[in-house]
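Subject: Structure for you to look at

Hello,

Here is the structure I said I would pass on.

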Amino acid sequence: MGQVRQTRRVQAYDGELGAAVARAQDGDETAFAVAYRIVQPGLLGYLHGLVGDDAEDVASDAWLEIARDLGRFKGDGAGFRGWSATIARHRALDHLRRQRVRPRAGGTEQDVLNLPWPHSTHEQALESLSTERALELVRSLPQDQAEAVLLRVVVGLDGPAAARVLGKRPGAVRTAAHRGLKSLARQLGVGSGAGEGVTDEAS
């Protein structure tokens, strides 16, 4: 049930977001602030997963670019979330290249618990996590799996949109997310067929 409510909430925000972006493109600064308030929490959570404590600085750089290039954006609210995530990811990768550190998985307990797959095995696994345990488990995932899960969880993108952000095929992103969830469930010992219920619902 929680996943269904989250999906509906994201869809509702996407309508508001699309309208705000359109007004912001016409010069309405208040509308840009509305778009920022809707997108920033997920974007910041995603960046925490990539650059850790430097997320706020990278987010600031990303928003400067988003504001600068807003007039070139074409699309709806969901498209804007994906476009913003792509810009944020590029800024994060630039930052990591400068710092010469490997991306780190992160996020919050709520990020991990709100995975948009309505399958009971994964829900059971994720609901049993404490904040510290959740962070430890997400950090243990390979980078591609952690990033796929973060894009789906924190930013709320569907499979194809997450694939566009990562510059990969949707199937590769779905596989990475599936493996990440299966690994989390296996580490928690929830269900012998922990990954069997994951379907391609986002295609």
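This is a predicted model: local features need pLDDT of at least 70, side-chain atom pairs count only at pLDDT 80 or more; totals for chains, interfaces and linings use all residues.

Helix α2 (residues 29-51) packs against helix α4 (residues 77-99) at an angle of about 35°, and their axes are 10 Å apart. The crossing of the two is right-handed. On the α2 side the contact is made by Ala35, Val39, Leu43, Tyr46, Leu47, Leu50 and Val51. These meet Phe80, Arg81, Ser84, Ala85, Ala88, Arg89, Ala92, His95 and Leu96 in α4. By class, the α2 and α4 contact has 12 nonpolar, two polar and two charged residues.

Ile66, in helix α3 (residues 55-69), counts as buried because its relative accessible area is 0%, against a cut-off of under 20%. Outside its sequence neighbours up to four places away, Ile66 touches Phe32, Leu43, Phe80, Trp83, Ser84 and Ile87. Ser84 is 18 residues from Ile66 in sequence, with 6.7 Å between their C-alpha atoms.

The largest nonpolar core has 45 residues, of which Tyr46, Leu47, Phe80, Leu151 and Leu157 touch the most other members. Two or more residues each come from α1 (2-25), α2, α3, α4, α8 (143-155), α9 (159-166) and α10 (170-188). The biggest contribution to this core is from α2, with 10 residues.

Leu157, beyond its neighbours within four places in sequence, is in contact with Arg81, Gly82, Ala85, Leu151, Arg152, Ala162 and Val165.

Regards

Notes
Residues are numbered from 1 along each chain as its sequence is written. Side-chain values use heavy atoms; hydrogens and water are left out. Axes are lines fitted to C-alpha atoms, for helices over the stretch in contact, and angles run from 0 to 180 degrees between N-to-C directions. Helices (H or I, at least four residues) and strands (E, at least two) are DSSP runs, numbered from the N terminus. A crossing is left-handed if the near helix is turned anticlockwise from the far one by less than a right angle, and right-handed if clockwise. Contact means heavy atoms within 4.5 Å. Ala, Val, Leu, Ile, Met, Phe, Trp, Tyr, Cys and Pro count as nonpolar, Asp, Glu, Lys and Arg as charged, and the others, Gly among them, as polar. Buried means under 20% relative accessible area, exposed over 50%, partly exposed in between (1.4 Å probe, protein chains only). A nonpolar core is a set of buried Ala, Val, Leu, Ile, Met, Phe, Trp, Tyr and Cys residues joined through side-chain atoms within 4.5 Å.
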